[in-house]
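Hello,

Here is the structure I promised to pass on. Please open it and keep it beside this email as you read.

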Amino acid sequence: SDDIVLGVTNLESFQNIQLFPNPAENELQISFSSPSGNNRLQFAVTDLSGKLTKTYPVNAHEGANLVFIETAELSAGTYLVKMIGSAQEKTFPFVKK
């Protein structure tokens, strides 16, 4: 095709993705390294049934990034946080205590 696509966010290029603390009480932090700036991402928190609880839009910059996810309102249990780029998504489990 002759379509030009700009700003595709390939999550495979993100490095050192870490969630902490896990289990979380009031807040979950997600750290990652981005190879370039102006990467629009979304973090979506779901329960294990897939019910969306929160979304967090993020504009990642080049280098180290840190995202804070509020977890105080969540009931105790296991959740998934999806890191969503324009081209793909990655899912990470975490526990709310």
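Below are notes on its aromatic pairs and on some of its strands.

This is a predicted model, in which local features need pLDDT of at least 70, side-chain atom pairs count only at pLDDT 80 or more, and totals for chains, interfaces and linings use all residues. Residues are numbered from 1 along each chain as its sequence is written, and side-chain values use heavy atoms, with hydrogens and water left out.

**Aromatic pairs**

A search of the whole structure finds two aromatic pairs. Rings of Phe, Tyr and Trp (its six-membered ring) pair if their centres lie within 6.5 Å; planes under 30 degrees apart are stacked, over 60 edge-to-face, the rest tilted.

Phe32 and Phe43 make a tilted pair, 6.0 Å centre to centre, with 40 degrees between the planes. Phe32 sits in strand β2 (residues 27–34) and Phe43 in strand β3 (residues 39–47). Strands here are DSSP runs (E, at least two residues), numbered from the N terminus. Phe32 is buried at 3% relative accessible area, and Phe43 is buried at 1%. Buried means under 20% relative accessible area (1.4 Å probe, protein chains only).

Why are Tyr79 and Phe94 called stacked? Their planes are at 25 degrees, so the pair is stacked, with ring centres 5.8 Å apart. Tyr79 is in β6 (residues 77–84), Phe94 in β7 (residues 89–96). Tyr79 is buried at 8%; Phe94 is buried at 1%.

**Strand β3**

Two strands pair if DSSP finds at least two bridges between them. β3 pairs antiparallel with β4 (residues 52–60) over eight bridges. Arg40 faces Asn59 there. β3 also runs antiparallel to β6, joined by six bridges. Thr46 has Leu80 as its bridge partner in β6.

Best wishes

Conventions. Helices (H or I, at least four residues) and strands (E, at least two) are DSSP runs, numbered from the N terminus. Buried means under 20% relative accessible area, exposed over 50%, partly exposed in between (1.4 Å probe, protein chains only).
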